[in-house]
Amino acid sequence: MDLLEHRGKSLFAGAGLPVLPSRLACSPAQAQAAAGELGLPVVVKAQVKSGGRGKAGGIRLCRAEGEVAAAAADILAMSIRGQAVTGVLVEKAVEIARELYLAISSSRAQRGPLLIFSAEGGVDIEEVARRSPAALVRAPVDPLLGLCDYQVRDVVAAAALDPELAAPDGTPARQALAGVVRALWRLYASSDATLCEINPLVVTGSGEVVCLDSKVTIDDNALYRHAELKAEADAGAEDREARARKAGLAFVALGGDIGVLGNGAGLVMSTIDQIAAAGGSAADFCDIGGGARAEVVAAALDVILSAGTVSALLVSIFGGITRCDEVARGLVQVLGQARVDVPVVVRLDGNAAAEGRAVLAEARLPGLTVAAGAAEAVRLAVAAAAAPAGPGARREG
Ligand code: GDP
Ligand code: MN
């Protein structure tokens, strides 16, 4: 389960990691009030489970009082990579002197935890790894020994901070950085995390070390050991139905692992029955109705896939008024942008079906199969869901 930034930061605070004072807001008025309590300047940040919010315009620095409500209104109206923004974090802003990168991630290649540090933070870490691999510290952590002092010193050395640099309270920045590395390891180990990432970890103009962002993923298999987080995961399921209603979708979560999306309640219900008859189990009922604008398809995919338990997706469209080629264009648009990492099977019949199939064939989306009909689509989706995770499985990191 991926945690939102504000949730990750409350785990950070509990683990003794330095975070700035902040408040969660769900309306422009709440954001404005939060800024009043915190004092300006503040940063208003979209709370969605996706990186790159800065580039998408989901993060705004506000220096004047009048800017906060407007920034929050803009950001709350956004949808970032298919995820509607329903909350913003209003956080005290700081002056950034240096941006660093620090993460502990469960590495398949290492078969264990991997500590990753870069003196170049704030940017895409994959980009740094490509451009200057030597700039990264990569230290496998022995899960029995835990993080060793020499590994902490390696990070501090790589950061190359001025030894004289200290916070106003006298704490040397190098010592603060070492404390952050140790605390992040303790949090990773004690929360059954598969990822704890701080990007950027900043050194402020006044010599303090602060976690400006958080990205935490908890192993779903360990959620039963974390009652509080588990409750949130369950509450998230209700959120999905509310989100679906807002997008004008008829949606019911069902608990299986094959995501179902179709147009028309009867078609969707019979598809669910066919999946059960073929030995599979549907994750949801989702009817996108007539017409098929890309935004509707995007919202449906977001709602269906955000459960995190879907192992294959079945899209079944029978075009009456709906033109299959419009649905196909919507799918191409959404699947081309979003990170959909499960196999997708599409069935298109009826109005403009041939054109729709041509659109999909031309797009050559990896992991997408066009079925010859409804029965074949069900067979393929059930087989894909039963297959061990292949190239469609989540990438490491
Ligand atoms: P992401 O784009 O989703 O990874 O969001 P981040 O939380 O990492 O924020 C993106 C960028 O916004 C950071 O790299 C900073 O440059 C900037 N930013 C965030 N908080 C502050 C702040 O308090 N002060 C300033 N000046 N910039 C900030
Ligand atoms: Mn970030």
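The legends below describe close-up views of a predicted model.

**View 1**
The shell around ligand 1 holds 15 residues, and Lys-45, Arg-53, Gly-54, Val-94 and Glu-99 come nearest. By type, the residues of this shell are seven nonpolar, four polar and four charged. Three strands each supply at least two residues of the shell: strand 2 (42–46), strand 7 (96–107) and strand 10 (193–204).

**View 2. Polar atoms facing ligand 1.**
A nitrogen atom of ligand 1 lies 2.9 Å from a backbone N or O atom of Val-94. An oxygen atom of the ligand lies 2.9 Å from a polar side-chain atom of Glu-99. For Asn-199 it is a backbone N or O atom that lies 3.0 Å from an oxygen atom of ligand 1. Taken alone, ligand 1 exposes 570 Å², and the protein buries 78% of that area.

**View 3. The manganese ion, ligand 2.**
Two residues, Asn-199 through O and Asp-213 through OD, coordinate the manganese ion at 2.2 Å. Asn-199 belongs to strand 10, while Asp-213 sits in the loop between strand 11 (209–211) and strand 12 (215–218), so the pair ties together parts that are 14 residues apart in sequence. Asn-199 counts as buried because its relative accessibility is 15%, under the 20% limit. Asp-213, at 17% relative accessibility, counts as buried as well.

**View 4. Cysteines without a disulfide.**
A search of the whole structure finds zero disulfides. Cys-148 is in no disulfide, and the nearest cysteine sulfur, that of Cys-196, is 18 Å away. With a relative accessibility of 22%, Cys-148 counts as partly exposed. Cys-324 counts as buried, at 0% relative accessibility.

**View 5. Ser-316 and its contact with Arg-347.**
Ser-316 is found in strand 16, which covers residues 312–319. The side chains of Ser-316 and Arg-347 are joined by a polar contact of 3.1 Å. Is Ser-316 buried or exposed? Its relative accessible area is 5%, so Ser-316 is buried.

**View 6. Ser-118 in strand 8.**
Strand 8 spans residues 112–118 and includes Ser-118. The side chain of Ser-118 reaches the backbone nitrogen of Glu-120 at 2.9 Å. Ser-118 counts as buried, with 0% relative accessibility.

**View 7. Ala-77 in a loop.**
Ala-77 has its place in the loop between helix 3 (65–76) and strand 4 (79–80). A relative accessible area of 66% makes Ala-77 exposed, because the limit for that class is over 50%. From C-alpha to C-alpha, Ala-77 and Leu-348 are 33 Å apart in space, and in sequence they are 271 residues apart.

Definitions and conventions. Residues are numbered from 1 along each chain as its sequence is written. Chains are lettered from A and ligands numbered from 1 in the order in which they are written. This is a predicted model: local features need pLDDT of at least 70, side-chain atom pairs count only at pLDDT 80 or more; totals for chains, interfaces and linings use all residues. Side-chain values use heavy atoms; hydrogens and water are left out. A residue is near a molecule or strand if one of its heavy atoms lies within 4 Å of it. A polar contact is a pair of N or O atoms within 3.5 Å; within protein, one must be able to donate a hydrogen and the other to accept it, and residues adjacent in sequence count only if both atoms are side-chain atoms. Accessible areas come from the Shrake-Rupley method with a 1.4 Å probe; for residues, only the protein chains shown count as cover. Helices (H or I, at least four residues) and strands (E, at least two) are DSSP runs, numbered from the N terminus. Ala, Val, Leu, Ile, Met, Phe, Trp, Tyr, Cys and Pro count as nonpolar, Asp, Glu, Lys and Arg as charged, and the others, Gly among them, as polar. A disulfide is a pair of cysteine sulfur atoms within 2.5 Å. Buried means under 20% relative accessible area, exposed over 50%, partly exposed in between (1.4 Å probe, protein chains only). Donors are N, O and S atoms within 2.8 Å of the metal (3.2 Å for Na, K and Ca); water is not among the atoms, so sites may look incomplete.
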